[in-house]
Amino acid sequence: MASHMLQHLMLYLSILIGFCLAHQEEFVKCMSKQSSSLHTNTSKYVYSLHSQSYFNLLQPLKHNARWKNSVHQRPKFIVTPTNHHQIKAAIICARAHALQIRVLSGGHDFEGLSYRSRHRFVLIDLVNLRSITINMDDETAWIQVGATLGELYYNIAKKSDTHAFPAGVCPSLGAGGHISGGGMGTLVRKYGLAADNILDAKIMNAKGEILDRELMGEDLFWAIRGGGGASFGIILAWRVQLIRVPSLTTVFTIHKDLDDTGIEVVDKWQKIANKLPNDLFIRILLSNNVEKNTQNKPKFERVAFNSLFLGNAKDLLALMNTNFPELGLQEADCEEMS
Ligand SMILES: Cc1cc2nc3c(=O)[nH]c(=O)nc-3n(C[C@H](O)[C@H](O)[C@H](O)COP(=O)(O)OP(=O)(O)OC[C@H]3O[C@@H](n4cnc5c(N)ncnc54)[C@H](O)[C@@H]3O)c2cc1C
């Protein structure tokens, strides 16, 4: 009886494995067919579990603890397109073979939505789409979505020390996910979110058509600037408005213990930070001890006041002494930079 059941199980498993392999082959065949008209070799940008590069490509994502959640499947394929035709091919073949699509730009999604799914899926990793073209005549730039914020800031700085783009703090964030979700950084008080400074975009829809602002219409253009990208299509590039900043800016970080005095300073910060001139941005970062308190909540012990001022140290000190003397900012705390 037991051997009979085992035989059935083995048969079932072999049918299942055969079915999966057939599906896999079909997707690769579909990609090869699409690629042959483009004269490209799929082995250079389509990776299955059998390719070594498959695991290398997933490596950077493993810092997210959600990666370990076994409920979610690993991608059946990872596609790393270098052009729009290859993205279109991936969309067509994924749809033809009932595979979901996940889109990844910088891979910093907290929920891991860019690289996890409960369903069989293809991961389109836009790591190779990262060109940045800056036009100083009209103070704009076209940024492909795989470019990181660090690359964007660096490229702007190479062209000008009086221009910037108001986006997030972490240099490894991807332009694709960051800007489509809003994008907030140290210039937010004066210039708003990254999404507020978008002039145009290119998005690929489910048919593989590329739409710019005019073709997509104002409703969709509004939605992709804050509503999250992946719900609406694959964003390929953003046209952004650069902003003007003074050639000299000042930064500081002051650490304090979260004792009674520290808490009073935080309290004051909460009351005045939004009333200070928009040239001054101050945020706080609470750092928690590994220990937990009795309610098993993180116990914050230190606070860092982290700031960017669009001006020189002298003006910043005058502003702080008038509005926020409790922080005790000294000249030695200030660092001027371009
Ligand atoms: C260390 C760290 C620091 C952070 N700092 C800041 C900060 O300073 N300011 C701030 O505002 N936020 C910050 N965030 C949040 C961050 O902006 C979001 O997590 C953002 O979505 C990351 O974008 P990504 O392209 O790197 O991530 P991804 O994981 O690649 O994508 C995020 C989401 O966008 C979708 N998506 C990605 N690319 C595309 C595309 N081309 N077309 C359509 N959909 C796409 C993905 O499918 C996913 O749903 C931080 C996050 C981390 C982990």
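I sorted the shell around the ligand by residue type and got 13 nonpolar, 13 polar and one charged. For this sorting, Ala, Val, Leu, Ile, Met, Phe, Trp, Tyr, Cys and Pro count as nonpolar, Asp, Glu, Lys and Arg as charged, and the others, Gly among them, as polar.

I note that this is a predicted model: local features need pLDDT of at least 70, side-chain atom pairs count only at pLDDT 80 or more, and totals for chains, interfaces and linings use all residues. Residues are numbered from 1 along each chain as its sequence is written, and side-chain values use heavy atoms, with hydrogens and water left out.

**Ligand**

I looked up which residues come nearest to the ligand. Of the 27 residues around it, these are V103, S105, S114, H178 and M184. Here a residue is near a molecule or strand if one of its heavy atoms lies within 4 Å of it.

Next I checked polar contacts. These are pairs of N or O atoms within 3.5 Å; within protein, one must be able to donate a hydrogen and the other to accept it, and residues adjacent in sequence count only if both atoms are side-chain atoms. A polar backbone atom of V103 is 2.7 Å from an oxygen atom of the ligand. The side chain of S105 has an N or O atom 2.7 Å from a nitrogen atom of the ligand. D109 uses a backbone N or O atom, 2.9 Å from a ligand oxygen atom.

I then looked at cover. The ligand taken alone exposes 960 Å², and the protein buries 81% of that. Accessible areas come from the Shrake-Rupley method with a 1.4 Å probe; for residues, only the protein chains shown count as cover.

Which elements give two or more residues to the shell? They are β3 (100-104), α5 (175-180) and β10 (234-241). The largest share, three residues, comes from α5. Helices (H or I, at least four residues) and strands (E, at least two) are DSSP runs, numbered from the N terminus.

Where does the ligand lie relative to the domains? Domain 1 (19-128) and domain 2 (132-244) both give residues to the shell, so the ligand lies between them. The domain bounds come from an automatic or database domain assignment.

In α7 (residues 213-223) I found M216, L220, F221 and A223 buried. They cover an arc of only 120 degrees around the axis, which puts them on the same side of α7. The arc is that of the directions from the helix axis to the C-beta atoms. Buried means under 20% relative accessible area, exposed over 50%, partly exposed in between (1.4 Å probe, protein chains only). E214, D219 and W222 are exposed on the face of α7 turned away from its buried side.

In α9 (residues 313-323) the buried residues are A313, L316, L317, L319 and M320. Their arc is within 165 degrees, so they line one face of α9. The face turned away carries exposed K314 and T322. At the start of α9, a side-chain oxygen of N312 comes within 3.3 Å of the backbone nitrogen of K314.

**Single residues**

A98 has a positive phi, near 55 degrees, and is not glycine. A98 sits in the loop between α3 (84-96) and β3. Its relative accessible area is 62%, so A98 is exposed.

E139 also has a positive phi, about 55 degrees. The loop between β5 (132-135) and β6 (140-144) holds E139. Is E139 buried or exposed? E139 is buried, at 16%.

M337 lies in β15 (residues 335-337) and is partly exposed at 33% relative accessibility. Its C-alpha is 5.4 Å from that of T249, 88 residues apart along the chain.
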